[in-house]
Amino acid sequence: GFRRSMTRSPTATELDRILKYYRDEVAYYEKDPKAAGLVAKGYTGPAANLPEVAAWTMVSNVLLNLDGALTEE
């Protein structure tokens, strides 16, 4: 996702931050399945996967809102 939105590979630091954010989001949505259902509205797969789907939705949102994804330099 990073390469597609930014047209380059992430640095090690960027990758670490994205993965930490993903893990934090999974942990949050595991504790709050109702919130996960709101974020991943329309998801029809197994309920056990809902926290990960919600977390990836949030990661995608962050990637698409990065300055490099919004502007061309």
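Predicted model: local features only at pLDDT ≥ 70, side-chain atom pairs only at ≥ 80, totals over all residues.
Figure 1. Leaving out residues up to four places away in sequence, serine 5 touches Leu63, Leu64, Gly68 and Ala69. The residue belongs to helix α1. Its relative accessible area is 14%, so serine 5 counts as buried, the cut-off being under 20%.

**Figure 2. Contacts of methionine 6.** With residues up to four places away in sequence again left out, methionine 6 touches Leu66, Gly68 and Ala69.

Figure 3. In soluble globular proteins, nonpolar side chains tend to be buried together.

**Figure 4. Packing of α2 on α4.** The axes of the two helices, α2 and α4, are 8 Å apart and meet at an angle of about 140°. This angle makes α2 oblique to α4, since only values over 145 degrees would count as roughly antiparallel. The crossing of α2 past α4 is right-handed. From α2, the contact takes in Ile18, Tyr21, Tyr22, Glu25, Val26, Tyr29 and Glu30. From α4, Pro51, Glu52, Ala54, Ala55, Trp56, Met58, Val59, Val62 and Leu63 take part. Sorted by class, the contact of α2 with α4 holds 13 nonpolar residues, three charged residues and no polar ones.

**Figure 5. The loop residue threonine 7.** Threonine 7 is located in the loop between α1 and α2. Its phi is near 60°, which is a positive value in a residue other than glycine. With a relative accessible area of 69%, threonine 7 is exposed, whereas serine 5 is buried.

**Figure 6. Leucine 15 and phenylalanine 2.** Leucine 15 is part of helix α2. Its relative accessibility of 38% places leucine 15 in the partly exposed class. Phenylalanine 2 is 13 residues away from leucine 15 along the chain, and the C-alpha atoms of the two are separated by 8.7 Å.

Figure 7. Glutamate 30 sits in helix α2. From glutamate 30 to glycine 68 the C-alpha distance is 31 Å, at a sequence separation of 38 residues.

**Figure 8. The protein chain as context for the close-ups.** The chain contains five helices and zero strands, in the order α-α-α-α-α along the sequence. A box of roughly 40 × 25 × 15 Å, taken along the principal axes, is filled by the C-alpha atoms. Of the 73 residues, 23% count as buried. Among contacts between residues at least 6 apart in sequence, 47% join residues at least 24 apart.

Technical notes:
Residues numbered from 1 in each chain as written. Heavy atoms only, no water. Contact = heavy atoms within 4.5 Å. Axes fitted to C-alpha atoms, helices over the stretch in contact; angles between N-to-C directions. Helix = DSSP H or I, 4+ residues; strand = E, 2+ residues; numbered from the N terminus. Parallel < 35°, antiparallel > 145°, perpendicular 65-115°, else oblique. Left-handed = near helix turned anticlockwise from the far one by under 90°. Nonpolar A, V, L, I, M, F, W, Y, C, P; charged D, E, K, R; others polar. Buried < 20%, exposed > 50% of the residue type's maximum accessible area, 1.4 Å probe, protein only.
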